[in-house]
Structures are given as C-alpha cells and as structure tokens.
Amino acid sequence: VSQRLVIESKTGFNTGGIKIITVAGQVVLNRYNINADKIEIDMTNLVSGLYFVEIEDESRKIIRLVTKE
C-alpha cells in the first residue's frame, strides 16, 4: 500500500469497525459503525512500515498485516 488501502467485502460491513495498528500496538486509525461494501482508507500520513488491519463485525474478527510503502 502506498496511499490508499481499499477493503471490499462480498457480505458488507455491518455495524463493524476497522482499526489500523502499528506493530508496536499503537492504534493510528479507528472507525466504527461502518455500513458499506467497500472502504477506502487514506494512508498517506502514516510512516512506511508494517501495520495490522483489524476488521470486526457482529460475528467475526479478521486481522491482516499490510506494508505501507
């Protein structure tokens, strides 16, 4: 990822949330009450490195590792 992180879901995000977390554990972005099939996150203000993306809705939690270039 260099500027924008795009996350899409076939089932949509219903009242869930997304967090972007540094490998040191600092939450740098926290969005709740998302009701969409596609989310775009501007990452231009973040320094280069590894980040965890935590996606949570009513029934599951998914964590992925992304690299900000």
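Reply: Here is a short tour of strands, a few residues and the salt bridges. Keep in mind that the model is predicted.

Me: Ok, strands. How do β3 and β4 run, and how many bridges join them?

Reply: They run antiparallel, with 8 bridges between them. Strand β3 covers residues 49-56 and strand β4 covers residues 61-68.

Me: What do β3 and β4 form, and how many residues lie between them?

Reply: A hairpin, with 4 residues between the two strands.

Me: Which residue in β4 stands opposite I55?

Reply: I62.

Me: Now E56. Which strand is E56 found in?

Reply: E56 is in strand β3.

Me: Buried or exposed, or partly exposed?

Reply: Partly exposed, because the relative accessible area of E56 is 38%. That value falls between the 20% and 50% cut-offs.

Me: What does E56 touch, leaving out residues up to four places away in sequence?

Reply: G16, G17 and K61.

Me: And T11? How far apart are the C-alpha atoms of E56 and T11?

Reply: They are separated by 13 Å. Along the chain, E56 and T11 are 45 residues apart.

Me: Switching to T22. Where does T22 lie?

Reply: In strand β1, which covers residues 4-22.

Me: Why does T22 count as buried?

Reply: Because its relative accessibility is 14%, and buried means under 20%.

Me: Which residues does T22 touch, again skipping those up to four places away in sequence?

Reply: V28, L50, Y51 and F52.

Me: On to charges. How many salt bridges does a search of the whole structure find?

Reply: 2 salt bridges. Side chains of opposite charge can pair when their charged atoms come close.

Me: What about K61, which side chain does it meet in a salt bridge?

Reply: E54, at 3.9 Å from N to O. K61 also touches E56.

Me: Is E54 buried or exposed?

Reply: E54 counts as buried, because its relative accessibility is 12%. K61 is partly exposed, with a relative accessible area of 48%.

Me: And E40, which side chain does it meet?

Reply: K38, in a salt bridge at 4.0 Å, N to O.

Me: What are the accessibility values for E40 and K38?

Reply: E40 is at 39% relative accessibility, so it counts as partly exposed. K38 has a relative accessible area of 46% and is partly exposed.

Technical notes: Residues are numbered from 1 along each chain as its sequence is written. This is a predicted model: local features need pLDDT of at least 70, side-chain atom pairs count only at pLDDT 80 or more; totals for chains, interfaces and linings use all residues. Side-chain values use heavy atoms; hydrogens and water are left out. Two strands pair if DSSP finds at least two bridges between them. Buried means under 20% relative accessible area, exposed over 50%, partly exposed in between (1.4 Å probe, protein chains only). Contact means heavy atoms within 4.5 Å.
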